[in-house]
Structures are given as C-alpha cells and as structure tokens.
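Thanks for coming, everyone. I'll walk through a few places in turn.

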Amino acid sequence: MAAEVLDARRAAPAARAALDPLLSLRGIVFRPAERTILDHVDFDWDGAGVCALVGPNGAGKTVLLRTIHGLLAPHEGDVRFEGRSRPAGDLAFAGQALVFQHSSMFRGSALDNLLVVPGIGASGRERRECALAMLERVGLRELAQAPALKLSGGERQRLAIARAWLMRPRLLLLDEPTASLDPSATEQVEELIREIHDDGCRVLLTSHNLGQVSRLADEVVFLHRGRVLERTPVSAFFANPRTREARQFLQGALPWHLSSPP
Amino acid sequence: MFDVSIEELIRSFEGDVLAIVALSLRVSLSAVAIAAVIGMPLGAFVAVVRFPGRSIAVTLLNAMMGLPAVLVGLVVYLSLSRSGPLGGFGLLFTPAAMIVAQAVLTTPLVAALTRQTVEDAWRQHGETLRSLRLPLASRVRVLLWDCRFSVAAAFLAGLGRAMSEVGTVMIVGGNIDGFTRVMTTAIALETSKGDLPLAVALGIVLMALVLALNALVSTVRGVGMRRHGG
Amino acid sequence: MASVFAPLKAVGAPLAALASALAFIAALAAPPPAAAQATTITVASTTSTEQSGLFRQLLPAFEKDTGIQVKVVAVGTGQALDIGRRGDADVVFVHDPAAEEKFMAEGAGVDHKRVMYNDFVIVGPKSDPAKIRGDKSVIDAMRRIAEAKVPFASRGDRSGTNAAELRYWKDAGIDVSAAKGQWYKETGSGMGPTLNTAAGMNAYSLTDRGTWLSFRNRGDLEILVQGDERLFNQYGVMLVNPARHPQVKKEAGTKFIDWLGSDRGQQTIADYKVNGEQLFFPNAKK
C-alpha cells in the first residue's frame, strides 16, 4: 500500500502545476469580537517548497492555519484550495490534513487511532495492513497495541503524523508540531516531515522554533498582528529581514543570529 | 420487627424466587437494551449536532431523567389498554408491556448520560473528526467508541434504575402471579400481606444484584482509567 | 462514503459478548414454549381475593380440567371493574353486588353469576376500648367505635371491602367524612397494608376473614365481632361484554364462569382452608 501511495502522489503534482495556485487567500479577515486576529491577509501559494508561517504569539498563525484547513470560516474574504472554495458542512478541505500541536488521540491503541481514518482499504484486513505499514514508516510498529494516550509526546506526534499521512493529503498543515517535544523527538518528527515532502505532499507549517524553520523551510511568511509583513526565501529572511517588526522578532528569538546565519 | 427465621428464608428460596428473579432480569435487561439502542445514538446526536432548539432538547433530556416511575406507568398503561391508542397489540398485563414501560423510563437516563459524556469528547476531538472529514454517523460511532467506558456505566445506571423500580411494572404488568411478578412487585405484595420471609429473601437478592451492578460500574471505569490513563 | 469499521470492531467484541449474555439470560427466563401455546384468559379480581390464597388452589384445578391458563390481575374492586370496562380483561371476579349490578346495567358485562361468599370481621386491640367484643350487630359495634372515637383504619380505596364498610357507617348513622384525619384513618391501600397500619397504631378495622387468616403481622389485634349476616360478602363473576370488546375470549371466559358454578368448582372452593378453617362458602346454586 505504501508504494501505491507514493506513486499516486507523485502523479498529482505534475497535473496540478497546470491549474490554479494550490492555495489562494484573498482579503481574509477574522474578527471574532472586538479584536481583529487576521487583518486582510492575501496569500497565493503554488506549493513549491516547504512554507513556514512564523511570527510572535498572537500574530494569528494558528487561526490562519485553521482557516486554510477549513475549520474556521473567515468573517470576510475568500479561501480557495485547488480552486475550490469552502467545503460542505463543517468538514475540512478534502486533500488536506492537519497535525495539531497537541493532537487528540482516542481511547484505544495506536493502531485503533489510525483505523479511524476513512477510505484506507476495502476490507478490514486491508485496512489493518495499511495502518500497520504506516506505523512501520513512522517507527511505531512495536507500539501498535499500546494505548495511544500513554504514548510519549514524541510518539504521539509521530502517530498524529501517521494519521495525517494516511489520509494521502496533497497539502499537509502542521501547527507547531514539535513545540512540546524534546530535541531528539523533534528530530524524528522533522525527519518524517521531510519524507512526506519528498513523497510529493506539500507542507505548510507554523513554528516558533527558528532552528526548525531554517532546517525545514524553503520559504518564510512572517505574520504580525494579523498581517503578512514579509514573504521571502528562508535564507533571505534570516540574513536580511526587511521590516522592523521582523528584525525585532528575530532579535528577540536569536539575538546573535543577525551576525552569523546557521 | 423481623419476624422471619432463617429456615423460612431458605425454604422460600425454592419455587417462586428463582422464577421471579429470572423474570426481573429478563424484563430489565431487555428494557435497558432497548434504551441503549435508542438512547445512545440519540444522546450522541444531540451532543454533536447543532440544531435549532438544541439547548431545549438538552434541558428536556436532563429533566426526563427524573421522570417518576408511576407516571410513566400510568401513561403506558393508558396507551396499551384495549381502550387506548395502542390497545390493538394486546400488550397490557404482559412482560412485554413491562419491558416497554421500563424502556420508556430508562431511555432518557441513558440518552442524557450519553449526551454528557459524548459532548465532552466532542469538545476534545471535534476538530480532529472534522479534519478527518468523517460524516455524522461515523463521528457518532467513533465518539461512542471513545467514550465506551462511560457509556457502559450509563447503561449499568439505567439497568440499576430499571431493576429497582416498582411503579411502572406494577401498573402495566398487574403483578400477575407466575406471569408478571418481578422482584420489586413481589416484595411490595408480600410486605403488604404481612408475609415477610419471601419479601426479605427477594430483598436480599435485589440488594445483591444492585450492589453487584454498582461494583461493575466502578470496575469498568477503573479498567478504562488504568488502560488508557484517563 | 467512508465508514469506520475499526471502532465498531473495537466495540464489537465486547458488544457481541454482552448481546450473547443478554440473549442467554432472556432465554433462561422465557416461559417454556408449551405454556405459551395454551389458551389463557385474564381475570380482573381483587387484592383480598388473591391474598387469601384462593387462586393458588382454584386455578390449577381449573387448568387441569380445561387446559386453560388463568392470569389474575389483582387490584381494588373499583379498578377491577374499570379494567373490565376498558376491555383489558376477559372476566371480572369481585365482591360488590351493587357495583356488579351497575356494571351489568351499563352493558359492560354479561353472564353474571353468584359464586361464593366469605365474611368480614371487625378486628381491634385486645384491650377493646370501644367495648364491642362479642357484639352480635355490626351496626351497633360501628356506632360504639364512633362514639368512643377510637382509631379506626379504613382502606379508603373504592374496594368491595371499603364499600361495605361505608354502608355500615351509613346504616349506623355515622358521618365518617367529618372524622377524617381524627380517629378515622384512610390508608388508600389494600387490606394488607391497612391491617399493617391498624396493627401499628392499635386501631380497629374491618377486614375480610381470608386476609386476616393469612395476615401474620397482627400485633395486638384480634377478632372482636363476627357472625352478623350483614357481614357476609358476596362474590360474583361476569364476562366482559364481547359485543363491546371483540377481543374478549368468550368461550374460554364462559368456561371459567361455568366451572366456578359447577359442582367441581364449588367443591374446590369449599375445600380451600387456611389454618384448618374454611374461608369461602360456595353459593352458586342457592
């Protein structure tokens, strides 16, 4: 099953290149009460490279990500994924998957938590095999029967990624995926993200961890108080931030950074 | 006060007691099984779907948990009577009527408890379920599975209520000797006759069953906690 | 269309186990198939009749003779007649001739027959503050109770016993509604609970002999007045009118009524004894 998934996904991007931009946000405003969280965000993305959404706390990264996924409806503006606008009902966009910072797992085994994903096989046996193969890919095969709620933070995030990957998304969204993990768990998760991207899946993530951004991302979108202030290739962002807010942000995060890029 | 000797107690354990206990179990288990089949999906549906008037539905479900048994008995009696709307089935004074009445009595309880626990789970897992693009039926199934320990406890709570109540089964069953006499109605009858050995014997059995049920609830919850840590 | 099989499977095994357990218990508790196929009739009767234990003697004999199973719903006379009116029983078997007559006159019942009688007795505390012991007249005794204003426990539940009691008060010229809550206590329940109450508060009460003979919680009470013919309690049986309620089991119900009046039925009634004493006196043929 894993091999077939690889083939299917490699085929998709080529076809898509001829169509609309992967993601198109126009004039997105998110204003739940008095506060404006997203202030006329415009963003077109063709999905080339890994894109990282960075910014200080309260900048609106999480809200933006959920809006892209279809979990939140903007008060103004238009979100389009693969040329389609908002999905029906309260479902997220088809073709996307989202890994939360703290993924919620059900009261069951790791395997059970993968088996909830729809459409992964025609028979029970096929679904099991598919899920077990995915557990193998993320290095959790031995923990298939372990209660998911008793996994360590790193194992849980890998399980969440496995669940997202199992959906065969064309766009994988990750919201601070390693914020609560230790360095070795973080490394394992980042490795998985790279693999998924190499498979042909687009990746867009938010992160506080600038080291992670520099390791994984090709492009940076800097968000501040609900507005997109900068959008540059990653090395340019670190070496030469154009806006004052970006400079301050980088200074606060890595005060020595401006003088010596990683 | 307890004018009952041990020999009398033991003697009364033959004959009637077994048949009465067996009927009680059959009626209450069947009733709560029906209550579960109707009440669990209903509770889960109310927990997950935002429909107009939802808060009224929730309040109503919670209020109906406290329905007086005799009132349910009266309504079902009037409905199942030959002169009533459902009289054609000829169910009055049969175990089937008792099952129906107890099902009516316990469904709100099971539904309300299920709603409570599924709503908590929905709050926790809602975004995940929406992200997985699961349709309503699948969400309900997954959430009920996730909450299976609490839902099982709700089922057992319903069973405890059914086995302990006397109002509905007395009215719709008629407490017919050898046919619709269950533990609670038999205890009521024997006590009113001033004939205590059988009443006490049945009381002991009923108490043991109720205690066992409650112990089972704790065990189920404990298993859930230990295996999944929460 | 994606459906979620795995969680179903996870719940499936324990669910299947539970379902099998339930089915097993249900099968255990289900009545044997043979019994389910026998003809059955529903008889609405009174609590005092059932509590006397008469049915446990009578019904097996009837079933042996005819193969018909009888289900007795025992409630107060008022409710028994009501059950008959609503068509929820096939036969009504009570002991309130006035109410039975009204039932027949309404057209709610057909084929009325006298069956037997038992008697009422007045019970009271051994100390007998109203001094009625051995009184030959029940009316006189009731008057004395009212004048002494000693506690009296009444059923107050539209039963045959209650109806008789109220007639005695009326004939004695006593208005008990004025005394409600004082010395006259209405329990609103069957004979057993009323006797429980009477024993508990050392009160007088009117009871049928049958319930008294099987009643074990007597406390300080004993029989003080008996034998007055006015205390005789006539039982009658009627078929619920099949013209009104087509589902009534006419043949089987009629067989029951006829059997009660037959030599065999009457003898069975006479043979029923509690503590060696005959409770019911058959009088179908008199």
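Start with helix 5 of chain A. Its buried residues are A:E155, A:R156, A:Q157, A:R158, A:L159, A:A160, A:I161, A:A162, A:R163, A:A164, A:W165 and A:L166. Buried here means 20 or more other C-beta atoms within 10 Å of a residue's own; exposed means 12 or fewer, and partly exposed is in between, with C-beta atoms placed from the backbone. Helices are DSSP runs of H or I with at least four residues, strands are runs of E with at least two, and both are numbered from the N terminus.

Some ground rules. This is a predicted model: local features need pLDDT of at least 70, side-chain atom pairs count only at pLDDT 80 or more, and totals for chains, interfaces and linings use all residues. Residues are numbered from 1 along each chain as its sequence is written, and chains are lettered from A and ligands numbered from 1 in the order in which they are written.

Back to helix 5 of chain A, residues 153-166. 12 of its 14 residues are buried, so the helix is largely enclosed by the rest of the structure. What do those buried residues pack against? The partners are strand 5 (96-99), helix 3 (110-115), helix 4, strand 6 (171-175) and helix 6 (183-198) of chain A. Contact means C-beta atoms, placed from the backbone, within 7 Å. Helix 5 reaches 20 Å from first C-alpha to last, close to the expected 20 Å. That expected span is 1.5 Å times one less than the number of residues. After helix 5 comes A:R168, with a positive phi near 50°.

Next, helix 4 of chain A, residues 124-137. Helix 4 has 14 residues and reaches 20 Å, close to the 20 Å expected. Which of its residues are buried? A:R127, A:C130, A:A131, A:M134 and A:L135. Down the axis, these buried residues fall within an arc of 140°, so they line one face of helix 4. The arc is taken over directions from the helix axis to the C-beta atoms. An α-helix has 3.6 residues a turn, so residues three or four places apart point the same way. On the other side of helix 4, A:R125 and A:E126 are exposed. Just after helix 4, A:G139 takes a positive phi of about 75°.

Chain A overall: 9 helices and 9 strands. Of its 262 residues, 43% count as buried.

Now chain B. Helix 7 (148-164) and helix 10 (196-228) have axes that come within 9 Å and cross at roughly 170°. The two helices of chain B are therefore roughly antiparallel, a label for angles over 145 degrees. The contact includes B:F149 and B:L156 from helix 7, and B:L206 and B:V210 from helix 10. Its residues divide into 14 nonpolar, 4 polar and 1 charged.

Last, two loop residues in chain C. C:A108 sits between helix 6 (97-105) and strand 4 (109-125). Is C:A108 buried or exposed? C:A108 is buried, with 20 other C-beta atoms within 10 Å. Beyond four places in sequence, C:A108 touches C:G84, C:R85, C:F103, C:N241 and C:R244.

C:N217 lies between helix 10 (209-214) and strand 8 (221-225) of chain C. C:N217 has 18 C-beta neighbours inside 10 Å, so it counts as partly exposed. Leaving aside neighbours within four places, C:N217 is in contact with B:G194, C:N196 and C:A199.

Terms used. Axes fitted to C-alpha atoms, helices over the stretch in contact; angles between N-to-C directions. Parallel < 35°, antiparallel > 145°, perpendicular 65-115°, else oblique. Contact = placed C-beta atoms within 7 Å. Nonpolar A, V, L, I, M, F, W, Y, C, P; charged D, E, K, R; others polar.
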